[in-house]
Amino acid sequence: MNILTARVRAVGTWFSTNSVIINQKNFAFYRPSIVHTTRYFHSSFKTYYANIQGPPQATFDKILIANRGEIAVRVIRTAKKMGIKTVAIYSDADARSLHVEMADEAVHVGPSPSNQSYLNIPNILHAIKSTGAQAVHPGYGFLSENSHFVKSLNEAGIAFIGPGESAMADLGDKIRSKIIAKQSGVNTIPGFDGVVRDTQSIGYPIMLKASAGGGGKEVVDGFKIASQESLSSFGDNRLLIERYVDNPRHIEIQVLADKFGNVLYFPERECSIQRRNQKVIEEAPSTFLDPATRKAMGEQAASLAKHVGYVSAGTVEFLVDPQRNFYFLEMNTRLQVEHPITEYITGFDLVEQMIRIAADQKLPVTQEDIKFHGWAFESRVYAEDSEKYLPSIGRLSKYIEPQSSTDKHEVRCDSGIVEGSEISIYYDPLICKLSTYGETRDEAISIMLKALDSYVIKGVTHNIPLLREVISSQRFRSGKISTKFLAEEYPGGFKGHALKDESLHELISVSAFVHAKRDLRNWSWIGEKETSNKNAPSKWDLWITINKNKDIEPINVKVEKKSMNEEEFEILIPNYPKTIISAKWPLESPLINACLRIDNQESKTLITQYVDPLPIGFRLQYAGTKFDITVHTQRQHELSQYMIEKPKQDLSKVILSPMPGSVVSVAVKVGDVIAEGTEVAVVEAMKMQNILRASRVSKVKKVNVKPGDAVAAEQHFWGPVANWGLPLAAIADAKKDPDIISPKMTT
Amino acid sequence: MYRETFARNYKCIFSTFTRVSHIYPCAKSFGRISALTPIRIREYASGNTKEEEVMARMESMRAKAHLGGGMNRIITQHKKGKLTARERIDLLLDPGSFHEYDTFVEHQCTDFGMEKNKIIGDGVVTGHGTINGRRIFVFSQDFTAFGGSLSKMHAQKICKIMDKAVLVGAPVVGLNDSGGARIQEGVDSLAGYADIFQKNVLSSGVVPQISLIMGPCAGKIHCLLKFSKLTTAYPGYDEIKLHFVGGAVYSPALTDFTFMVRDTSYLFVTGPDVVKAVTNEDVTQEELGGAKAHTVKSGVAHNAFENDIEALQRIRDFMDFLPLSNRDQAPIRHTDDPITREDSSLNHIIPIDSTKAYDVRDVIMRLVDDTNFFEIMPDYAKNIVIGFARMGGQTVSIVGNQPLVSSGVLDINSSVKGSRFVRFCDAFNIPIITLVDVPGFLPGTAQEHNGIIRHGAKLLYAYAEATVPKITIILRKAYGGAYDVMSSKHLRGDINYAWPTGEIAVMGAKGAVEIIFRHVEDRTQAEKEYIDKVCNYFFANPIPAAQRGFLDDVILPSTSRKKIIEDLAVLKRKSLPLIYKKHDNMPL
């Protein structure tokens, strides 16, 4: 009872010390109604820690979050929970983004490129001063591991919610961090301790690493290349060489240290599913560690933190070989991207602890209190294609995050975007960190699959197909993973879900259902005198084709409406047992929650997404992958044999100006390899600038224009002048077509 | 005795039915009727009654009619990727709903040996049926029969269903696949065309008329060239070639909407041969009058589809938007899209920088039911977007300036495109929702000399004349005369809204400053002051217009859908008396 009253009083004081808001956004008008439930912690744990943590003490009145996107949103949520006012910073491109909407104040810090905004220390310092923020949370990336920034904050008397300057500098250098690790009794990879000048004296295979950061380069004779790359990327050509650990797992330990010398280590996170040395799927705990190894790793991590006088949250990364030998990789002196899964299984709010530590508070618990429970996964949902991992940009025309279906808050979405947001070229293409929690690993996996299936993202290409495939794969389920997982499982890149017997049957059934529902809707006239809705069909004889021109032949499906309320249909597909499908699907809405009962067996639930209607049929997303479904009636099918397949005119090979105007800039040159969505040129007309982008991954063969040229609109390129055939021209040239009269735009 | 014969009679008829059923499933109806009607028995030598004989003959004729110009021609038609007239009707209408008229009509021409060359049905299939349960009249020209050429009787069949359609108030869909006039019939054929033209005009505004061009639809010469090979004797067509122009294409041009099938359909007044002879211009059919030419360049066709199957399916979807006649209200169809749905992403859809473009179709998709927008003329005059959609289940028409293309400026083509659409909707009681983001009319000699004044006036006229519910939202710019034109309050706009991003002014702030301060020597300071104080207050927002009552409200973009649907309900019973006139004189 006492505790409770104390807490209430404390909350009261925070609110009474509200500082004056200087820079109140005048766009309050535009604030969307975002309902975000706090769904962070497994409820039973929340109570558990609330009891041992005791009454919270006040920390800061106002903090500034020197970051953007999901991590800024993440920090703001905890700050709000703690009654702290928040200040967001934003660039031009982010002016209307979610973190700006959610913060109490927002300060513009520069143009869209991050080196002019989120990395612009003077502007950020100015923002801190002008808003009176007392502390800065750096998130991850950007300035989070920049010791100069920490130094300038210290000089200005602003608290940095993160480690001290010297620990950061020591651990930020890969060579120095290894020496320190070795000194503090941490297992390091056998190799050369120190800066290397040539490769003669060490055996192969070896791993070359830039001392100043970045992933490793697994090369045999790449000393020079790696050295040069390092110089160009980090301004430092020193290299580090170490023995190459074969078939390793990437396992890391979260530590938390306060300013009083207390260090806690947390259960491990396994981050072995990686593509190009970037984590894709993480889980906590790892299937691979036994309690002894876990304890050993944790204690070594804690001892490293103690050794350097580390403060705040940090992560010690290890490589673990198949014999459970573990080697120190590096220490990340910041909050990790994948911290939510640790929060899930331990019930800790790591951001809250970071803020408390920065406010000179002691850690509320001791190592013995750190317990973990259940299993958590995190999938990083990126705006990128699953095959080549090339980023995709665009506007999210439809965006619906999966929700927890129970009060256990088993689904957590850390994202910084909403429907209508733009994924821009300037920043990381991360859409969301989707984490799920279950009592067991299997439960967490099945919740993740369901969450991925019901995650609606339209407008950009995303990697959900890959995530779903990995998580549903037998190998991942068995836990036999390593950092080579993706390269081994999908050697040529992931090409989309392959339909097998059962999945084909499911997809066809859902397709037939969708067609029947839509057809019935077409007959549901309201208030028409002469029409006869009563003649609406109740049986369909359909021919369904999946992904035209592919291997699967059209399949004959007989559908019959079973119930009056149009929710239940009987599906008959040759060579398959009779299936009853009943589904809740508000017409044309993105999610189809179907329930399949095959041959009177136990029913199976299935989440499919309705993506878009097509001229005949529609596009569905099934098992993460999109399929074009063509549905023909019996008569259409009979007559379709006479239709002539036309060679597709591949317009994606050329880029045409959508309007007459003048070229402002051309961003590519011949030979460039460009990703989907890359800016190719800017055309201006009527004082309006249009950015022309590549519609697919390609190599520039020819550029026909230069800045200042006048171009005509695309329709002028039709005709005897064979401009259609231009091999990836940036934009076709008006001057080459004498017939074109560009309308003059002179306003 | 009587009973026995009756039974035999019944059996015979039944067997007639079964005999032809594999060719002609519609014989079912005949079988049913005769079963109920006792037939007087008069036995013939064959052992059948007279009625049986007649019916058997009719059935065999019917079977023949179903083959049109014969199997060989059907195969040729299929090889071109085209379906036959009847197959097309099968796909257009609900299964089993087609009722055919005039199956047995034959031409009556006796010149050039035509009396020996007859095809039952005479190259066109006519009748009525339903699309998703709603009555439609249809004619489908049969290219296998005399190349679908138009004879007197062929025209008469078409006229008959057009009359019926007007009589009962149901749309007419024409599936055109015709070489043109039937030369052998000479002036009779021309008269047939004229009859159809006249019916087109008389039914215009009474029932929707839709043309789907599924093959050639040409002037007469094209047909002549084909037939000169077919019927042997017709010397001297070279002379006539230069004199015969115009023809079949004008019927689709008189209808409300013309759709085409890519790569198989052509529309031209005269074919490539005549073009070569007259202007010495080398041009292919496709370049001269293919789907691309008409959907992109000429604006004659309203859209084009990939092949026959897709085209007919899309026409079914399209017909669902239209009322059956001008006596009907815009149809309402069930939807699961909530009428109160708010879309907060609309609040961010207009770029902060007012010189940046956005796609107005994104706005449209978010406002309407199920993101279902049937765009009309998507490839022509893209600076204006027009099309049909539904809101709260009811069909509405959408007209929106497209900032993505030439800033959404109004020019000759976009004005013509918009005005014809607005007039159609006004004629058929379809509410018009106008989304305004227009920087003005396009300046320049190209426009002025081609009559932007005359053509721009069409859009103005169409909006001013329209009496259907008119709802307007100013999304961003509404500058100059174009503000007035785009369904403004002053043109009897029923509900006029603006989003907070709206800017209503005679011109953009910068242009205004240049005029107002044109005599001031050093304008920089004055300009700066003006832009800061006056422009930002007076130009860059919708408040002045709201203060004058030219806007009914300034609304939050996310609420637009809800508001429009509410307003449509309010305006449902809108009635605006018309002043008597013979007809108006709109600028053409």
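Biologist: In which sense do strand 26 and strand 27 of chain A pair?

Modeller: Strands (E, at least two residues) are DSSP runs, numbered from the N terminus, and two strands pair if DSSP finds at least two bridges between them. Here, strand 26 (residues 579-584) and strand 27 (residues 591-598) of chain A pair in the antiparallel sense, over six bridges. A:Ser582 stands opposite A:Cys595 of strand 27. This is a predicted model, in which local features need pLDDT of at least 70, side-chain atom pairs count only at pLDDT 80 or more, and totals for chains, interfaces and linings use all residues. Residues are numbered from 1 along each chain as its sequence is written, chains are lettered from A and ligands numbered from 1 in the order in which they are written, and side-chain values use heavy atoms, with hydrogens and water left out.

Biologist: In what order do the eight strands of the barrel close?

Modeller: The order in chain A is 23-24-25-26-27-28-29-30, with antiparallel pairing.

Biologist: How many disulfides are found over all chains?

Modeller: A disulfide is a pair of cysteine sulfur atoms within 2.5 Å. The search of the whole structure finds zero. For A:Cys271, the nearest cysteine sulfur belongs to A:Cys432, 17 Å away.

Biologist: Is A:Cys271 buried or exposed?

Modeller: Buried means under 20% relative accessible area, exposed over 50%, and partly exposed in between (1.4 Å probe, protein chains only). A:Cys271 counts as buried because its relative accessibility is 0%. B:Cys109 is also buried, at 8%, whereas B:Ile75 is partly exposed, at 39%.

Notes. Helix = DSSP H or I, 4+ residues; strand = E, 2+ residues; numbered from the N terminus.
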